[in-house]
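Subject: Structure handover

Hello,

Here is the structure for you to look through. My notes follow below it, so please keep it open while you read.

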Amino acid sequence: MSLLSVENLNVTFPGTAAVQGLSFSVEAGQCVAIVGESGSGKSVTARALVGLAGDNAAVSAQRLHLDGKDLLHLSPGQWRGIRGRHIGFVLQDALVSLDPLKTIGSEIAEALTEHADMPRQDVRRKVLDLLTSVGIPNPEERIGQFAHQLSGGLRQRALIASAIAANPALLIADEPTTALDVIVQAQILALLREMKAKGTGIILISHDLAVVASLADHIVVLKDGAVVEAGPPSQVLSRPQAAYTRALLAAIPSVETKGQRLTFGSGTPDVPAARPLQDGGTAVEARSVTKSLGERLVVDKVDVRLVAGETLGLVGASGSGKTTLARLLLALQQPDQGEVLLDGGPWSHLSEKQRRPHRPRLQLVSQDPLGSFDPRYRVIDILAEALEIIGLPKREWTRRATELIRSVGLSDSHLLRRPRQLSGGQRQRVAIARALAMKPDILICDEPVSALDVSTQAQVLDLLEDLKRQFGLTILFISHDLGVVHHVSDRVMVMHAGRIVEEGPVGEVFARPRDAYTRELLAALPRIPLSSIASKAKGYPHDHILDSSVHIGA
């Protein structure tokens, strides 16, 4: 008997069929991965399996059994007895999923006391063990902290610890490594492999096909709620039969895609030439900047030179200081020591009144556009707010907003939608359009594609490259995804514990890393072999086979 048996699962919302005829099974000690684009039905499936599809959802199936128990007709009270104790559920958005009024220690302890029947005197020790097992440093300190005091990666790890606290027979992990750097990701994957070895069944939902390849025993590919392909990784990833699967593989950024478009089936667009730039001119420069937050030294004597017209990649683990360095370059924070220059002149040492006329030149594209938008605003209002700042007459706002939304590949109808009515990729495009509204010279992109599926990620990366050429942009691209950084960057800097430990042309650093930490980052990347079929989808000759040792980050 399978641990989980799903036959002909259908999930419908009023007017929409989200999942259609889905069938699969999970054995004890087996990992089944569900992959596909945003909106393909992956997360809806996960929620249906734990009774959280929603009040307006209609869930039906010929069979939906967990260890022989029928899950189709459970009461809310019966579901509470299943979730946590028998099925662990890791959601993607840890900040929303964790209780803001509880410390993470209390959150994990609640799972233990409610579902594991553990004596209270043993709970604290077990919580510390769980925090350690998911790679959280200084667990004695973190156990008393709240979700808002943790980085995105630490929050995600705390959520995983809570989900596995009661040692459930089945773990459903919805994008469990999206917010994690490659080293912590490797720790989490090792933990999941250990759970598999001990007999835990795992449903992994991920847009990172390299992560899927490293853990899954069986892959289900969804598109528009229906299965287009299913089978073992050796077949789905190396000999894909469906054109959709081949398109997903072709969209993965890697060493092999450098200088090429990722969007399947698209040619190079007719993009106007960028305005001339001074050869080698420095757009932004940081000189020995240092920044402490509380007693912690976050940025330690860092030098950065962002050359006009280039894309500079910045990589490093969560907590390495990448975002704080970006805020120093934007003059949103002041360095404790050192200085930041803009076009060779003072920037960080100016007063805010002196900086204000120059602020439109530097724009931020953040990881979480949903959190940075006013949820009450329509897209046209979000863009109009930026247009008002640069002094565009109100009568011109609609015309300019329409131009901007079209420039990022969206239609005029998107102008009337609110952020929650947009997909993740659409929100990220709106964030880019808002930045472009200010007519910037410099874009600082802080994890702009980490939450996107591989197809949408490819569209946004191609879009950024098109806009760079069209407007002569200079880009600082911050990411923990080394495959993405290699694809988009001219140069790369590696940051560790507040310091830049390595810097150079991206191809040279990735091929011949000098620093031990850089080598550790590259060694921690999951790998995926791409077959001749996937290669052909990228435009290579049919007999070209990508080296299976090539690291891929999706």
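A crossing of two helices is right-handed if the near helix is turned clockwise from the far one by less than a right angle, and left-handed if it is turned anticlockwise. Please bear in mind that this is a predicted model.

Helix α4 covers residues 104-115 and helix α5 covers residues 120-133; they pack at an angle of about 120 degrees, and their axes are 9 Å apart. An angle between 115 and 145 degrees counts as neither roughly perpendicular nor roughly antiparallel, and α4 is therefore oblique to α5. On the α4 side, the contact involves Ile-104, Gly-105, Ile-108, Ala-109, Leu-112 and Thr-113. These meet Arg-120, Val-123, Lys-126, Val-127, Leu-130 and Leu-131 in α5. By type, the residues of this contact are 8 nonpolar, 2 polar and 2 charged.

The second pair is α15 and α17. Helix α15 (residues 379-389) packs against helix α17 (residues 424-437) with 8 Å between the axes and an angle of about 20 degrees. Angles under 35 degrees count as roughly parallel, so α15 and α17 are roughly parallel to each other. Their crossing, too, is right-handed. From α15, the contact uses Val-379, Ile-382, Leu-383, Glu-385, Ala-386, Leu-387 and Ile-389. From α17, Val-430, Ala-433, Arg-434 and Ala-437 take part. Of the residues in the contact of α15 with α17, 9 are nonpolar, none is polar and 2 are charged.

Now the strands. Strand β1 (residues 4-13) pairs with strand β5 (residues 63-66) in the antiparallel sense, over 4 bridges. In this pairing, Val-6 is opposite Leu-64 of β5. Strand β5 is also joined to strand β6 (residues 69-70) by 2 bridges, and β5 and β6 run antiparallel. Leu-66 has Lys-69 in β6 as its bridge partner. Together β5 and β6 make a hairpin with 2 residues between the strands. Asp-67, in the turn, has a positive phi of about 50 degrees.

Gln-149 lies in the loop between α6 (139-142) and α7 (152-164). Is Gln-149 buried, exposed or partly exposed? Its relative accessibility is 43%, so Gln-149 counts as partly exposed. Between Gln-149 and Thr-290 there are 141 residues of separation in sequence, and the C-alpha to C-alpha distance is 21 Å.

Regards

Conventions:
Residues numbered from 1 in each chain as written. Predicted model: local features only at pLDDT ≥ 70, side-chain atom pairs only at ≥ 80, totals over all residues. Heavy atoms only, no water. Pairing = 2+ DSSP bridges. Axes fitted to C-alpha atoms, helices over the stretch in contact; angles between N-to-C directions. Parallel < 35°, antiparallel > 145°, perpendicular 65-115°, else oblique. Contact = heavy atoms within 4.5 Å. Nonpolar A, V, L, I, M, F, W, Y, C, P; charged D, E, K, R; others polar. Buried < 20%, exposed > 50% of the residue type's maximum accessible area, 1.4 Å probe, protein only.
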